[in-house]
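Dear colleague,

Please find the structure below, handed over for your records. My notes on what was found in it follow.

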Amino acid sequence: MTRERLKDVGLILLIVLALAGLVLHSTGLLQPLEDLVVRVTAPLQETMSQLASKVGELGQTVRDLRDLRQRNEELQAENDRLLLENVRLREIQHELALLRDLLNFKQANPSFEVQGAHVVGRDPSNVQRYVILDVGREKGIEHNMPVITDRGLVGRIYEVGQGWSRVLLIIDASSFVSALTQSSRASGLIQGQEEGTLAMLNIPQGETISVGDTVFTSGLGGNFPRQILIGQITEVKRKDYELYQEAIVQPTVDFQHLEAVLIITDFAAIEPEEGEE
Amino acid sequence: MTLYIVVPLLLLVTVVQTALVPYLSIWGIFADLPLLMVVSWSLLQGRREGLVWGFVAGVAIDVLSGAPFGAATLSLSLVGFVAGLGQATVFGTHIALPLLAVFLATVVYDLLFLLVVRVMGQQVLWLDSLVRTVLPSAALNAILTPLVFLPLRLVHRHFVRKEMEI
């Protein structure tokens with residue numbers, strides 16, 4: 001047989017094998033062979049597949065990284081904006097709470113005509129206790145008007161200008177307020193002390209006062225309205241040989257953090273003399 | 001230093017003193033920036049300028065303070081003048097000298113201030129004021145002296161002494 005004839009036979013044999021393969025596969029007889037081939041090539045396929053997948057993932061990662069970086073910048077900018085907004089809103093919330101307290105006080109005490117004011121400065125020295133407010137004559141503020149917050153008595157208007165006024169705080173040594181204790185109705189004179197507390201002086205020896213007693217303005221002397229809360233007694237100083245007893249009073253107003261006050265504008269205070277109010 | 005600089009500077013410092021410094025208090029006591037500046041400059045430049053600085057700062061304080069007008073002007077002018085007597089010894093000495101000067105100046109200033117306030121009719125609790133306010137604020141001012149004195153000394157060396165040499 002010539003070479004050419006052998007090649008032709010070979011081709012015909014291949015076609016016959018292919019047809020035989022089709023028939024054998026459809027009958028299921030090729031199954032064992034197919035299983036063997038798959039079992040042998042599967043690990044390689046798996047490896048190749050994983051490699052292809054990883055390469056694909058790498059490409060995706062690079063794309064994702066670029067997108068993430070951009071998204072991160074956008075989120076950072078948004079975060080900064082929200083942070084500032086948050087700070088601003090917290091301030092507004094704080095201001096709102098402050099003003100709500102003052103409004104509640106005003107609503108609970110409708111007999112008072114009041115003007116709200118913010119504290120914008122304090123006395124530059126340690127030995128005086130004044131604060132500066134942002135309202136003055138233009139709002140009808142006058143000398144000696146009582147100043148309060150929802151927590152109690154703050155002081156009185158000491159000086160008035162156009163657009164400002166100065167308040168003498170009750171914790172200043174030159175401030176005197178006529179007061180009463182709530183339980184026993186003992187009367188006395190409240191004077192400011194250096195450490196920011198108050199002393200209730202000239203309490204008659206026969207009066208019963210105790211730690212925890214609440215102290216209010218008595219209205220005596222006419223320089224403050226009655227029944228404005230001043231503070232609470234924290235210590236009683238009594239000596240049998242003295243005519244009067246004294247008490248230390250912790251003010252209810254936090255003078256260190258005073259931000260907003262109310263000025264009672266419809267109370268006509270009597271001008272205090274030295275040493276008495 | 002020219003008044004065109006001194007007046008606005010001390011006015012600004014006093015405004016900061018009323019609007020900001022009280023909120024930085026420690027146990028209710030805060031620093032006295034105008035006093036620190038007056039005494040520091042007085043130690044550097046002498047009693048005449050110390051008097052001028054004390055006067056200007058005192059007027060600014062009196063305008064913004066609730067105390068009788070003149071209390072701070074008088075007290076600070078005097079303290080500025082007296083502090084200037086220490087000028088000759090401040091150069092080449094330890095920072096302790098300005099610290100001590102500020103401590104003593106604060107005590108003298110506060111007591112003078114209270115005296116003027118008392119004379120003008122306001123009540124003063126002398127012992128309480130001395131123990132609870134004057135001495136603690138003198139200590140605080142002394143501790144903070146380097147923060148004011150050293151920058152002023154730098155300004156003095158670079159600008160004022162150079163002017164004098166010219």
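Helices (H or I, at least four residues) and strands (E, at least two) are DSSP runs, numbered from the N terminus, and two strands pair if DSSP finds at least two bridges between them. The model is predicted, so to read it please note that local features need pLDDT of at least 70, side-chain atom pairs count only at pLDDT 80 or more, and totals for chains, interfaces and linings use all residues. Residues are numbered from 1 along each chain as its sequence is written, while chains are lettered from A and ligands numbered from 1 in the order in which they are written.

In chain A, six strands form a closed barrel with antiparallel pairing, in the order S6-S7-S8-S11-S10-S9. Within chain A, strand S9 (residues 214-217) runs antiparallel to strand S10 (residues 229-237), and three bridges join them. A:Phe216 has A:Leu229 in S10(A) as its bridge partner.

In chain B, all 13 of the 13 residues of helix H2 (residues 33-45) are buried, that is, 20 or more other C-beta atoms, placed from the backbone, lie within 10 Å of their own.

The contact between the chains involves 24 residues from chain A and 27 residues from chain B, where two residues are in contact if their C-beta atoms, placed from the backbone, lie within 7 Å. On the side of chain A that touches chain B, S1(A) gives the most, with three residues.

With kind regards

Note on methods
A residue is buried if 20 or more other C-beta atoms lie within 10 Å of its own, exposed if 12 or fewer, and partly exposed in between; C-beta atoms are placed from the backbone.
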